[in-house]
Amino acid sequence: MRSPSWSRPRPPLLLLLLLSPWPVWAQVSATASPSPSGSAGAPDCPEVCTCVPGGLASCSALSLSAVPAGLSLRLRALLLDHNRVRALPPGAFAGAGGLQRLDLRENGLHSVHVRAFWGLGALQLLDLSANQLEALAPGTFAPLRALRNLSLAGNRLVSLEPAALGALPLLRSLSLQDNELAALAPGLLGRLPALDALHLRGNPWGCGCALRPLCAWLRRHPLPASETETLLCVWPGRLTLSPLTAFSDAAFSHCAQPLALRDLAVVYALGPASFLVSLAACLVLGSGLTACRARRRRRRRTATLRPPRPPDLNPDPDPHGSASPADPGSPAAAAQA
């Protein structure tokens, strides 16, 4: 049986409260002690959670295997840490559009649907640390335009693409420590203009050209000494370590420069056109060569099938009108006879 959140006042006090202005009644309700679900201070609290006035729902360490139902628009903070939520389906937090803080630490979480956080446009803090995430689909955090703090620490992330984070204009703190990251994809940090706290230790960073964007960001945003001392990378094929902060831009002079947006636009515009022109030229040239070979074959075939010309038994007459003396039919031969 549910217990009331505060003792019933005596008749004089109740009459006083009824006759008092609304702010006094609201103040009495707001000072009520924390109570289980269904209390007067939190009427829209999930049944399995413990809620307090102000919109906080504590569902920690309840062995939950899924996000509890009954989330309300009045909810401001949802604590789901230390449970067994292995996957987040589409619309996992439907109805909690006013949520500002979400804690999902230590759930064994290994799958987050790309539409799991849809509707959480007011969320400012998201903690996904100490789970088993290996990859994040493009657009996973795109709806969280108000996000300021994101923790992905203690997972199994091998890569983190810019499309997974999306454009988060207000994100100030990003925790990536204790993952399997060897480098950060180019363009990832460039889409986070407000970022000033980046936690990176505990990753197998590889010393190479892929580290260039991260080192450039670190030069513009110096980290505390306690963070940079443990921020090391290993050279491929070697056992030597180097601090990330020791790499200047000149150290990457041998690396290929990434194409600018204007260059990419030119490549995408001229590439298909040049391909079509080359293809047309090849077709015309091939057709010409094929026609020439066919003509040669016809000539050879015609010359082979033509009969040989017989020898000429009547030579041409003498241009002066006299016949040859050897010709028995000539007048000169008749006279000699």
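Is Cys255 buried, partly exposed or exposed in this predicted model? Cys255 is buried, with a relative accessible area of 7%, where buried stands for under 20% relative accessible area, exposed for over 50%, and partly exposed for what lies in between (1.4 Å probe, protein chains only). The model is predicted, so local features need a pLDDT of at least 70 and side-chain atom pairs count only at pLDDT 80 or more, while totals for chains, interfaces and linings use all residues. Residues are numbered from 1 along each chain as its sequence is written, and side-chain values use heavy atoms, with hydrogens and water left out.

**Confidence**

- The chain averages a pLDDT (the predictor's confidence in each residue, from 0 to 100) of 78, and 72% of the residues score at least 70.
- Over residues 1–42 the pLDDT is below 50, and this stretch has 28 contacts in the model beyond near neighbours in sequence, a contact being heavy atoms within 4.5 Å.
- Where pLDDT is low, the predicted coordinates should not be read in detail.

**Disulfides**

- The structure holds 4 disulfides, each defined as a pair of cysteine sulfur atoms within 2.5 Å.
- One of them joins Cys45 and Cys51, whose sulfur atoms are 1.6 Å apart, and this link is right-handed, with 70 degrees about the S-S bond.
- Cys45 is buried at a relative accessible area of 9%, and Cys51 is also buried, at 2%.
- Another disulfide joins Cys49 to Cys59, with an S to S distance of 1.9 Å; Cys49 lies in the loop between strand S1 (35–36) and strand S2 (50–52) and Cys59 in the loop between strand S3 (56–58) and S4, so the pair ties together parts that are 10 residues apart in sequence.
- Helices (H or I, at least four residues) and strands (E, at least two) are DSSP runs, numbered from the N terminus.
- A disulfide also joins Cys209 to Cys255, at 2.0 Å from S to S, and with -80 degrees about the S-S bond this link is left-handed.
- Cys209 is partly exposed, with a relative accessible area of 36%.

- Cys215 is in no disulfide, and the nearest cysteine sulfur, that of Cys233, is 6.9 Å away.
- Cys215 is buried, with a relative accessible area of 1%.

**Asn83**

- Asn83 is found in the loop between strand S4 (77–79) and strand S5 (87–88), and this residue is buried, with a relative accessible area of 5%.
- Not counting residues up to four places away in sequence, Asn83 touches several residues, among them Cys59, Leu62 and Glu106.
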